[in-house]
Amino acid sequence: MPRNTHALAILGPDLVDKLAHTRVLMVGAGGIGCELLKNVVLTGFGDITLLDLDTIDLSNLNRQFLFRKKDVKKSKALVAARTAQAFNPSCKITPIHGNIKEDKFDVPWFKSFDIVLNALDNLDARRHVNKMCMAANVPLVESGTAGYLGQVQPILRDSTECFDCMPKPTPKTFPVCTIRSTPSTPIHCIVWAKSYLLPQLFGEQEDDESELDQAAAQGENATEIANLRKEARAFRKVRESLFSALPEQAAALVFNKVFNEDIKRLLSMADMWTARKPPTPLDRDLILTDKFVPPAVPAPSSSEPSRRANATVTVNGTGSSTIPNGGVASSSSQAKLKDQRQLSLKDNVQLFDESLSRLAARLSSGKETSISFDKDDSDTLDFVTATANLRATAYAIENKTRWEVKEMAGNIIPAIATTNAIISGLIVLQALHILRAQATGKAFPVASPSHASGIRIAGLQAGKPSVPLSTYYVSPPNPSCGICRDQYVSLQCDPAQVKLGELINAVLRAERGMEEDEDMEDAEGEDDESERREVSVYEGQRLLSDPDMDDNLGRTLESLNCTRGKFLTIVDEDEVFENVVLALSPLP
Ligand SMILES: Nc1ncnc2c1ncn2[C@@H]1O[C@H](COP(=O)(O)OP(=O)(O)OP(=O)(O)O)[C@@H](O)[C@H]1O
Ligand SMILES: [Zn+2]
């Protein structure tokens with residue numbers, strides 16, 4: 001039986017034939033990408049370009065089934081292509097180990113594909129591919145998964161909204177004073193450890209006054225801000241001791257400043273604690289000799305999940321305190337996996353000491369000039385776990401295991417192989433719908449309340465196990481979208497020769513329908529034409545010229561760092577004409 005018998009029966013000969021000649025770009029060869037490549041190859045797509053910037057990590061193997069242990073540290077794109085090639089030797093797979101944002105992947109390069117399938121994990125790369133597909137007018141199938149949820153969105157220029165038509169919610173942030181002075185939940189302590197303490201001790205040395213200026217401008221408590229400024233200055237001294245004192249002394253110094261003196265100082269601001277429970281300074285010597293009595297963690301409110309409801313005392317005391325699931329801290333939990341073990345208060349102090357000296361040694365060795373949080377860097381994860389828990393103890397907040405801290409600090413929602421597999425199947429179905437519609441040569445049919453058949457968003461929803469799949473109508477483009485409503489023009493030129501002024505004149509001439517020899521102006525733009533439009537020119541967010549700023553008009557594009565792959569946006573100051581976006585590409 002020929003390989004495509006089933007595909008022929010299901011899709012029909014026309015579409016099957018089209019697939020063999022369809023050029024598809026796949027961006028990302030991770031969790032979704034591996035599943036998707038397998039599907040795309042087995043469906044019968046004939047010409048696949050697969051791009052990924054990363055190498056294979058051990059932690060990928062639980063769900064990225066095109067990779068084996070021997071492949072760790074090799075290029076994802078190359079290994080995935082090699083593995084999938086064996087599934088269908090007649091298809092051509094071109095792997096590229098690179099970043100999709102590189103300038104060489106410009107608009108003409110995107111135009112060379114019939115369809116683009118995204119299998120990415122970050123907003124930045126997704127937005128970039130969206131823009132390139134809008135500029136090149138190539139259909140895009142966008143996808144994402146988070147735990148048990150997933151979504152596949154077809155994006156078709158002029159027919160559907162694009163990825164950027166609606167603003168995306170920004171990641172949650174917390175007021176500075178909550179993080180720095182008045183935490184009330186574990187995440188507040190984790191954010192403090194990861195984004196404040198770790199950078200203060202091991203990050204780039206920069207003054208954090210501007211963050212405080214901003215907080216003051218936003219009306220946060222003025223005395224508190226003044227105190228935080230003092231504290232920041234005191235930190236510089238502590239940081240120096242990390243590299244001059246013996247490790248044991250340095251750990252004690254940092255501990256006492258952060259978990260004792262700073263907390264005492266906060267306590268002295270009585271008005272802060274009239275409506276909330278004051279923190280308890282930690283005494284290092286008492287903790288290490290098992291004599292410290294930590295403040296009790298209040299029982300969780302009834303809205304907490306029930307498995308926590310029988311928690312009685314603190315999770316972080318000495319050997320005698322209980323942990324939420326009823327065991328005794330430290331001793332009985334030692335049998336558990338290291339990461340999932342509930343640490344005692346003393347364990348946390350020891351973990352603090354060890355990780356602090358490991359991090360200090362890394363900076364002292366001179367190999368690194370600064371260290372920032374990375375969930376896969378165990379020194380930073382240990383440090384954040386220990387310091388977040390110590391702070392939580394001082395504030396009578398529940399402690400977290402190293403495993404939980406990793407999830408919370410890394411904003412990680414566990415990736416589920418089955419979700420990726422289902423979503424990858426839906427991506428191929430969406431691609432087939434689009435290709436079939438494309439073959440008719442008419443506008444894409446988009447489903448709406450009055451027109452049931454057509455392209456839709458497909459998703460995997462939570463909370464309804466009986467109906468896991470759902471579809472949604474696609475919205476039309478947002479008329480004010482700055483990405484898909486702009487006019488894109490591919491501009492082939494030699495940036496070393498063309499000057500910005502010449503370029504603007506050429507565009508304005510085109511707008512007035514004039515021939516080149518009708519033009520009276522030169523590059524430096526001694527223009528005396530009253531009807532000339534006033535325009536501003538931007539590269540990305542960077543302003544290159546406007547009616548009052550003509551310094552750059554005589555400069556070449558190259559000298560302005562406007563080369564292949566960059567976009568120049570020409571904005572009509574009178575808003576009569578829509579923005580024109582020039583996509584710079586090389587001469588043939
Ligand atoms: N700008 C980019 N250019 C090319 N590939 C990218 C870009 N940004 C992300 N990727 C790739 O997209 C893939 C996304 O896959 P996935 O979400 O499974 O992430 P992962 O890095 O494999 O796993 P995890 O993040 O859970 O450790 C990754 O392989 C990543 O390298
Ligand atoms: Zn848009």
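This is a predicted model: local features need pLDDT of at least 70, side-chain atom pairs count only at pLDDT 80 or more; totals for chains, interfaces and linings use all residues.
Okay, let's start with the ligand: the shell around ligand 1 divides into 8 nonpolar, 8 polar and 5 charged residues. Residues are numbered from 1 along each chain as its sequence is written, while chains are lettered from A and ligands numbered from 1 in the order in which they are written.

So who is around that ligand? There are 21 residues, and Gly-28, Gly-30, Gly-31, Asp-54 and Asp-121 come nearest. Being near here takes a C-beta atom, placed from the backbone, within 6 Å of the molecule or strand. The elements giving two or more residues to this shell are α3 (31–43) and β2 (47–52).

Stepping back to the chain, we have 17 helices and 13 strands. Those are DSSP runs, numbered from the N terminus: H or I with at least four residues for helices, E with at least two for strands. Of the 588 residues, 35% count as buried. The cut-offs are 20 or more other C-beta atoms within 10 Å of a residue's own for buried, 12 or fewer for exposed, and partly exposed in between, with C-beta atoms placed from the backbone. Among contacts between residues at least 6 apart in sequence, 65% join residues at least 24 apart. A contact, by the way, means two C-beta atoms, placed from the backbone, within 7 Å.

Now, Cys-177. UniProt lists this residue for "active site", in an unreviewed entry. UniProt positions are in the numbering used here, feature names are shortened, and annotations may be inferred rather than shown by experiment. Cys-177 sits in helix α7 (residues 176–180). Is Cys-177 buried, exposed or partly exposed? Partly exposed, because it has 16 C-beta neighbours inside 10 Å. Leaving out residues up to four places away in sequence, Cys-177 touches Thr-182, Glu-220, Asn-221 and Glu-224.

Compare Phe-113, in the loop between α5 (107–111) and β4 (115–118). Phe-113 counts as buried because it has 21 C-beta neighbours inside 10 Å. With residues up to four places away in sequence set aside, Phe-113 touches Arg-23, Val-24, Leu-25 and Val-138.

Next, a helix pair. Helix α14 (residues 378–394) packs with helix α15 (residues 402–409) at about 105 degrees, with the axes 10 Å apart. Axes are lines fitted to C-alpha atoms, for helices over the stretch in contact, and angles run from 0 to 180 degrees between N-to-C directions. So α14 and α15 are roughly perpendicular to each other; under 35 degrees would be roughly parallel, over 145 roughly antiparallel, 65 to 115 is roughly perpendicular, and the rest is oblique. Leu-381, Val-384, Thr-385 and Ala-388 of α14 meet Arg-402, Val-405, Lys-406 and Ala-409 of α15.

Most residues other than glycine have a negative phi. Lys-73 has a positive one, near 80 degrees, and lies in the loop between β2 and α4 (76–85). Asp-290 also has a positive phi, about 60 degrees, and is in the loop between α12 (284–288) and α13 (345–364).

Definitions and conventions:
Ala, Val, Leu, Ile, Met, Phe, Trp, Tyr, Cys and Pro count as nonpolar, Asp, Glu, Lys and Arg as charged, and the others, Gly among them, as polar.
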